[in-house]
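Hi everyone, thanks for coming. Let me put the model up on the screen, and then we can walk through a few parts of it together.

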Amino acid sequence: MWTTKTFLTKTKRGNILKIVREHYLRDDLLCGSAACNTCPHKDDELVLETSPKSPCALFDFPHYLVLDTNVVLHQIDVLEEDALTNVIILQTVLEEVKHQNTAVFQRLLDIISNKKRKFYSFVNEHHKDTYIERSPGEKQNDRNDRSIRKATSWYEYHLSINSLDGKFPKIILVTDDENNRKLAQEDGIICCSIKDYIENVSGFVGLVDKLSKNVMPETCSKDALYPAHLTPSQIHEGIRCGQLYQGTYHASRENFLEGNASVNGFEKSILLQGHIGINRAIDGDIVAIEIFPKEEWRKPSNIVLEDKTEDPENILEEETVLLDAAKPVDNDDEITPTGKVVGIIRRKWRQYCGILMPSKFHGATRHLFTPAEKRIPRVRIETRQSEILASQRILVALDSWPRNSRYPLGHLVRALGPIGDKDAENEVILLEHDVPHARFSEAVLNCLPPNDWTIPEEERQKRVDLRDVCVCSVDPPGCTDIDDALHARRLGSSDGLATYEVGVHIADVTYFVKPDTALDKEAASRSTTVYLVDRRIDMVPELLSSNLCSLRGGEERLAFSCVWEMDENANVLSTKFHKSIIKSKAAMTYEEAQIAIDDSSRKDEIAKSLRVLNKLAKKLKKKRLDSGALLLASPEIRFQVDSETHDPIEVQAKKIVDTNSMVEEFMLLANTSVAQKILEEFPQCAMLRRHPAPPPANFDTFLKAARQQGFEIDVSTNKSFSKSLNEAVIPERPFFNTLLRIMATRCMQQAAYFVSGSLAADHYYHYGLACPIYTHFTSPIRRYADVVVHRLLAASVAGAGPHAALLDARRQTALADTLNYRHRHAQLAGRASVALNTHILFKNRVEIESAVVLAVKRNALQVLIPKYGLEGPLYLPSEKFTYNEEEHVQKCGDVVLKTFDELTVRLSLDSSNLQHRKLVFELVEPHVPGFSYVPDAGNMEVDDVAETAAPSSEKTHKKREIPAAAAAPKPSKKRKSRRK
Amino acid sequence: MAGLLLSSTEKVFIVHGVQEDFRSDGRSNIDYRPMELETDVVSHASGSARLRLANTDILVGIKTEIDTPKPDKPDMGKIEFFVDCSANATPEFEGRGGENLASSISNTMQRAYHSSQAFDLKQLCIVEGKQCWKLYVDILILECGGNLFDAVSLATKAALFNTRIPLVKALLMDGGNVDLQLSDDPYDFKFLDVGSAPLLVTLCKIGEKCVVDPSAEEESCSVISLIVGITGNSKSYCADKGASNLSDVDIKCSTISMNGPGSLAPKTLKNAIHQGIIAAKVLDDSLGQALLRERRENINSMKSSYGFLK
């Protein structure tokens with residue numbers, strides 16, 4: 001016997017289909033009761049007892065219970081107790097529960113499968129006597145209720161005529177729906193509410209406590225959670241009349257319910273809060289914003305909030321935490337223009353790396369995906385291979401974010417590899433930062449010269465021969481892509497001052513990378529070499545970067561030279577640029593060079609030349625600082641890496657010696673000289689680099705924190721800033737000044753490449769270096785900007801016409817944008833790699849280290865461990881600490897924590913969740929009773945680790961040092977690493 | 001029809017009979033043969049009907065789909081006709097044999113339904129300029145026993161009458177787009193207003209007179225036939241209460257086409273059209289009554305389904 005079920009469904013494309021399914025009705029479904037003598041049960045199928053003892057005082061006769069859907073959904077805690085047995089779960093109920101709450105469904109299945117509980121699931125929807133069809137005008141819920149009643153009466157009747165001896169259990173329908181009870185009573189069904197039933201059950205202590213009192217609101221509908229976005233024409237119109245503003249949305253890393261958007265014409269960026277305020281914008285999107293009237297402006301909530309909810313389906317959780325925290329106080333200078341997103345102008349979605357959080361419900365296909373990037377919300381994806389993917393890093397693409405979905409919808413792109421695997425993690429870093437890291441294509445490799453390339457005769461004729469000059473290079477240890485070398489020699493004297501010839505020789509990459517070849521295009525798209533802790537992603541193929549272009553000691557190489565005549569006070573008398581051939585006398589490390597300078601017994605040419613350079617560099621530096629250049633700092637570390645596993649073993653801070661600064665000074669000088677030259681020659685299309693002065697608002701928090709430590713920092717100009725930074729020294733806290741500089745660095749704007757024609761001349765200024773014009777010339781092997789500058793310079797000195805594309809201002813501007821983007825991401829990738837290796841380092845250890853407070857948040861401190869350059873939140877429980885909003889301090893009894901304070905913290909890696917390993921910071925000193933970590937146990941652990949670590953480090957004799965990529969946006973920094 | 005062999009005397013007999021308004025099977029010139037009609041025979045379709053007229057057997061299914069309206073008619077839905085001549089109907093339809101006939105039927109139907117007075121496409125509009133319903137009328141010719149055009153138009157009107165259009169709620173989505181929401185109640189639907197939908201009447205010129213609903217023998221005596229599309233009367237398609245409020249609508253001719261090699265004199269043409277209108281009116285009224293009766297029976301669930309078992 002069969003019938004059909006007809007329903008309508010909507011396809012993904014929006015079409016509406018009529019679906020007709022056959023629905024089979026059977027007459028051989030068993031009732032499951034031992035009291036029945038007609039159903040052909042086998043022994044193990046008899047679930048319900050013949051004459052169950054009534055546990056409830058209300059009913060003194062044997063009975064079975066039939067539960068309705070809401071009872072199961074709300075009172076699953078009660079059902080899990082052993083009190084209720086002999087219960088019939090109808091298929092109607094089972095399906096409704098499955099549909100509404102998979103977690104409860106799972107629990108219900110567990111109960112049913114427990115034989116002792118005597119729960120019988122009856123397939124009433126397929127039984128010919130209990131199936132009912134929905135009648136016109138009837139709601140689905142009403143139909144289900146009717147179906148439950150129908151099945152209940154059927155059971156009653158079935159048992160009454162088929163009982164063995166005329167005694168049969170009655171059926172009681174348990175439902176909280178009054179209307180349903182009324183209708184059931186009309187049908188002659190005994191019914192009862194769960195509350196009445198459970199309250200009269202004796203012998204189970206605490207059962208009543210498990211009753212859920214608050215009946216959940218009607219299950220969430222598919223209604224829209226978010227307001228609709230405006231149409232493009234509405235947005236356009238709104239922006240034109242000035243009601244709406246266009247901006248780029250930046251999500252907060254710390255609080256998933258907060259973000260801001262930078263909008264032209266507002267000094268502060270616009271604050272966007274809450275689900276509605278953000279309205280499905282994702283970090284990077286270009287959005288249309290409506291700004292609230294001034295009375296509704298708020299200030300950033302200043303709390304650390306993570307999206308922790310466990311798959312809430314499609315409900316927006318309470319936002320009161322956030323909103324309470326951000327109640328505005330009058331006349332607060334932190335009040336920020338606040339608004340809400342009303343439309344998306346352009347989505348800037350890419351593919352995101354992260355991990356899968358498999359659904360609790362076994363076999364489900366809908367799962368949540370947590371991106372590695374904290375600013376991206378979780379994504380709902382559908383996959384059938386969640387079990388395999390749970391242990392993998394995966395790549396997910398976003399598809400859409402409809403109004404009725406709590407999370408954006410996406411799909412799996414591919415799995416990257418097991419979580420924790422180094423290659424997979426590196427892949428994540430590269431993908432997350434959009435670093436092109438595929439192998440060089442065949443077309444690119446075809447542009448390379450042969451391996452045994454030597455300088456051809458015609459080049460020798462064209463170039464200045466400097467092979468006899470004592471040129472040498474100074475670089476970090478292990479550096480293979482040497483792109484600069486120096487020389488200095490005494491010329492004579494003028495006006496009573498000794499004069500010197502100083503040359504900076506830069507690898508002539510443009511000789512090999514001709515414009516518009518595949519190689520050139522690839523290099524332009526990569527824009528920069530990216531340094532990870534254990535890997536280098538080259539901008540140009542290795543043959544060039546490590547061999548033909550690299551100015552190795554003792555080999556003839558093509559170079560682009562910048563040669564100055566200088567007096568002994570480091571005043572430049574004349575400058576000339578020319579292509580040359582050099583033969584470096586020595587490729588030294590900073591330390592070797594330092595030793596050569598310091599060792600007075602060395603009288604050779606190299607040492608002499610280095611001493612001259614060093615002397616001049618110091619004078620250059622002094623001049624530069626006098627004119628207002630800032631000395632900024634950033635925590636820099638390098639890892640010692642185990643030669644076999646490539647795991648980091650130890651970190652150490654980078655050593656800075658005089659020679660570092662010596663090379664740096666001459667590179668700065670070369671860059672500045674070249675910048676002047678190319679701007680002079682190509683005023684419209686010179687590729688320059690600028691560093692805008694930070695807006696004063698950036699400094700607010702920084703100044704407040706410095707004031708708490710007793711220092712007034714003057715940030716009006718870079719000169720006064722530099723001066724007050726120099727004076728802010730606490731003798732007993734040597735790190736304090738560095739910390740101040742680290743904090744100052746964070747207030748800075750990003751330096752950026754630009755094309756001279758695109759900005760007015762007064763915007764060319766480089767704030768950090770205090771120089772009116774600047775460019776990048778000295779590292780063409782690893783930066784594409786330098787390649788462009790080389791071409792421009794070559795065109796201006798050799799007289800050879802420049803390549804047409806160089807003069808196309810628009811194309812150059814687009815190129816500058818790409819360079820800035822890649823440069824920024826390369827920096828971030830480098831930092832991420834350091835963070836990754838730090839995690840690996842802490843896999844097996846716990847340490848107690850001194851730390852400093854970088855910022856005070858409402859519920860946490862942002863702390864920095866100088867030794868590791870590690871940063872993270874130290875959560876403070878609100879019941880112990882009170883937060884003072886005005887002062888930005890956290891108080892607990894006598895202990896006051898404020899920015900720049902030094903603490904001792906305990907560091908450990910929380911591996912309790914393997915997918916989500918994170919470093920945990922615990923407060924040790926100052927001691928707060930009941931909160932601080934008790935240190936003696938910790939010390940023991942540290943000792944243990946030290947002992948066990950010692951022999952292993954001896955075993956691995958050969959350790960390679962690989963410097964970490966540094967973090968500051970300081971343009972002159974040299975970062976190189978050895979290839980694995 | 002091809003397989004039919006008639007002697008010339010038999011033909012003369014038929015021609016003379018028609019002249020006298022007296023046909024070989026006892027009908028007058030404007031009488032139809034008895035027909036059988038059942039609606040809702042295909043459960044997967046939104047509306048369907050099957051019609052048997054003598055040996056002609058037509059099945060019509062209506063499929064509804066969401067579409068975007070044409071830019072020049074933003075408030076109108078769409079309707080499209082497809083005719084499939086099954087090779088079972090006659091051996092001539094094998095291969096591509098039926099294609100010409102099929103396209104001529106569907107073109108005639110499309111033309112007949114084109115006028116807004118014949119079929120109001122505005123009732124298929126969901127959101128003006130954004131979304132509308134598109135009706136696919138799939139006509140399957142199962143058996144071919146003459147007078148296809150009339151049978152197809154009758155079955156189509158019956159199927160449209162039976163069509164249930166789901167009620168949808170339009171929701172505003174991002175960027176002014178519209179998203180449709182379905183009610184979960186399968187009984188949430190509306191019927192189409194098909195009262196004025198046209199019927200095609202084929203008038204077969206035999207001798208000087210025309211007959212409607214020619215049998216295969218009569219068709220072989222004719223050199224030309226005229227097909228007129230005549231709009232229906234909404235009143236006949238309303239349940240009792242509503243009908244009294246509606247006034248009788250003038251019947252209009254929405255399309256005319258001719259089939260066959262012969263020609264028509266203007267006077268004959270005029271007479272023929274007049275005759276067609278009279279025939280169509282009677283036909284339309286009785287179709288309306290039959291459909292209303294069936295719907296009533298359906299609601300009271302008195303009707304048992306015959307389907308293809310009969």
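Let's start with one pair of residues: Cys204(B) has Val211(B) in β12(B) as its bridge partner. A word on where all this comes from: this is a predicted model, where local features need pLDDT of at least 70, side-chain atom pairs count only at pLDDT 80 or more, and totals for chains, interfaces and linings use all residues. Residues are numbered from 1 along each chain as its sequence is written, chains are lettered from A and ligands numbered from 1 in the order in which they are written, and side-chain values use heavy atoms, leaving out hydrogens and water.

Back to chain B. Strand β11 (residues 199–206) runs antiparallel to β12(B), and four bridges join them. Strands here are DSSP E runs of at least two residues and helices are H or I runs of at least four, numbered from the N terminus; two strands pair if DSSP finds at least two bridges between them.

Which strands make up the sheet of chain B, and in what order? The open sheet has four, antiparallel in pairing, ordered β12-β11-β13-β14. β12 (209–212) and β14 (253–259) of chain B are at the edges with a single partner strand each, so one side of each has no neighbour in the sheet. From one strand to the next, the twist averages 25°.

Two helices go with this sheet. Helix α3 (residues 148–162) of chain B lies across β11, β13 (224–230) and β14 of chain B, at about 165° to β11(B). Helix α6 (residues 266–299) of chain B packs on the sheet as well, touching β11, β12, β13 and β14 of chain B, and its direction makes about 135° with that of β11(B). Contact means heavy atoms within 4.5 Å; axes are lines fitted to C-alpha atoms, for helices over the stretch in contact, with angles from 0 to 180 degrees between N-to-C directions.

Now over to chain A. Five strands there close into a barrel with mixed pairing, in the order β13-β14-β15-β17-β16. Ignoring direction, neighbouring strands of this sheet are turned by 55° against each other on average.

Finally, how do the chains meet? 23 residues of chain B are in contact with 26 residues of chain A. Thanks, all!
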